[in-house]
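Please look through the structure shown here together with its sequence. What can be said about its fold, its aromatic rings and the packing of its helices?

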Amino acid sequence: MAKSSVSKLVPKVPPLPSVPGMSRRQQFSASTKKTLVEVAERLFTEHGYASTSLDAIVAGAEVTKGALYHHFSGKQALYEVVFEKVEAATAQSIDAAMRETKDPWEQARAGLRTFLEAVQQPTYRRIVVQEGPAVLGYQRYREQEERSTFTVVEDIVAAVLRAGDRTVDDEMVATFARLFFGAMSAAGESVTEASDPEDAAERIELAVTYLLTGVQTLAKQGVKVEDMRE
C-alpha cells in the first residue's frame, strides 16, 4: 500500500507540547515515539499484529523506518509498548472506579464492572486478550499483566478480605488474589469469544457478585478465613 494511501487511513497525532528542560531534538524524538505508538495501536486494533506491517506504521506516522528503529528493535518491541500502554490505561480506569467508593464490597464490584467494560472494547480485546499471549509468549504475557492489572486485583482482594478490620495475612491475600486474577483472565477471554459480549459480561458480573455476596455474608457472621480450615 502506498504511503499516501495509508496516511489517509490513520488520523494524525498532535505533537507533544513543549517540555521545559528538554531540547528541541529531545522533544521531537519523544513526539516521534508517541506518534509511532499511537499509530501502531490503531493499526494493531484494526488489522491485527500479523497484518500490520512496519511500512504501514511508518507511513501512518509520517516518519522513516530509521526513526522507528531508533526507538524500537522491531515490530514485536513496538507491540509490547502498545500492550503495556493499553494494560496500564485499563488498570488506571479500574483503580479510578474503585476510588469512587469507600465500601470494599462496592469497590470490588466497581473494579469488576470496569474490567468487563474494558474487555468489550476493540483495542483491549484484540491487543491484550486475543493476540497478547501469541505475540508476547505466555510467560511474557503473564509478566506484563502482573505488573498492571494484577496489582489492582490484589488491592481489591485485600480490601474485601480485610473489611471490618479483619486480620488476614499477606500470604492468604496473595492466594486469593491469584485465584481471582485467574478468574478475571478467564472471564475476559469468555467475553471476548462470546457471540454477545455484552450479555456474557452481564452474566459474569452476576456470577461474581453472587460469590462476593456469599463472602460478605460469612464476614458479617464473623466467620474468618482461618476458621474454614477446621
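The questions and answers below go from the whole chain to single residues.

This is a predicted model, in which local features need pLDDT of at least 70 and side-chain atom pairs count only at pLDDT 80 or more, while totals for chains, interfaces and linings use all residues. Residues are numbered from 1 along each chain as its sequence is written, and side-chain values use heavy atoms, with hydrogens and water left out.

Q: How many helices and how many strands does the protein chain have?
A: Helices (H or I, at least four residues) and strands (E, at least two) are taken as DSSP runs and numbered from the N terminus. Read from the N terminus on, the elements run α-α-α-α-α-α-α-α-α-α-α-α. The protein chain therefore has, by this definition, twelve helices and zero strands.

Q: What share of the residues of the protein chain counts as buried?
A: Buried means under 20% relative accessible area, exposed means over 50%, and partly exposed lies in between, with a 1.4 Å probe and protein chains only. Among the 230 residues of the protein chain, the share that counts as buried is 43%.

Q: Which kind of aromatic pair do Phe-44 and Tyr-49 form?
A: A pair of aromatic rings is described by the distance of the centres and the angle of the planes. Rings of Phe, Tyr and Trp (its six-membered ring) pair if their centres lie within 6.5 Å, and planes under 30 degrees apart count as stacked, over 60 as edge-to-face and the rest as tilted. The search of the whole structure finds six aromatic pairs. For Phe-44 and Tyr-49 the centres are 5.7 Å apart and the planes stand at 35°, so the pair is tilted.

Q: Is Tyr-49 buried or exposed?
A: Tyr-49 forms one aromatic cluster with Phe-44 and Tyr-79, and the charged end of Lys-75 sits over the ring of Tyr-49 at 4.3 Å from its centre, where such a charge is NZ of Lys or CZ of Arg within 6 Å of the ring centre and within 35 degrees of the ring normal. Phe-44 has 0% relative accessibility and counts as buried. With a relative accessible area of 17%, Tyr-49 is buried.

Q: How many residues apart are Phe-83 and Tyr-141?
A: Phe-83 and Tyr-141 form an edge-to-face pair, with 5.7 Å from centre to centre and 65° between the planes. This pair links distant parts of the chain, since Phe-83 is in helix α5 (residues 75–98) and Tyr-141 is in helix α9 (residues 138–146), which places them 58 residues apart.

Q: At roughly what angle do the axes of α5 and helix α6 cross?
A: Two packed helices are described by the angle between their axes and the distance between the axes. Axes are lines fitted to C-alpha atoms, for helices over the stretch in contact, and angles run from 0 to 180 degrees between N-to-C directions. The axes of α5 and helix α6 (residues 104–118) come within 8 Å and cross at roughly 150°.

Q: Where is Thr-52 found?
A: At 2% relative accessibility, Thr-52 counts as buried. Leaving aside residues up to four places away in sequence, Thr-52 touches Leu-43, Phe-44, His-47, Ile-57 and Lys-75, a contact being heavy atoms within 4.5 Å. Thr-52 is found in the loop between α2 (24–47) and α3 (54–61).
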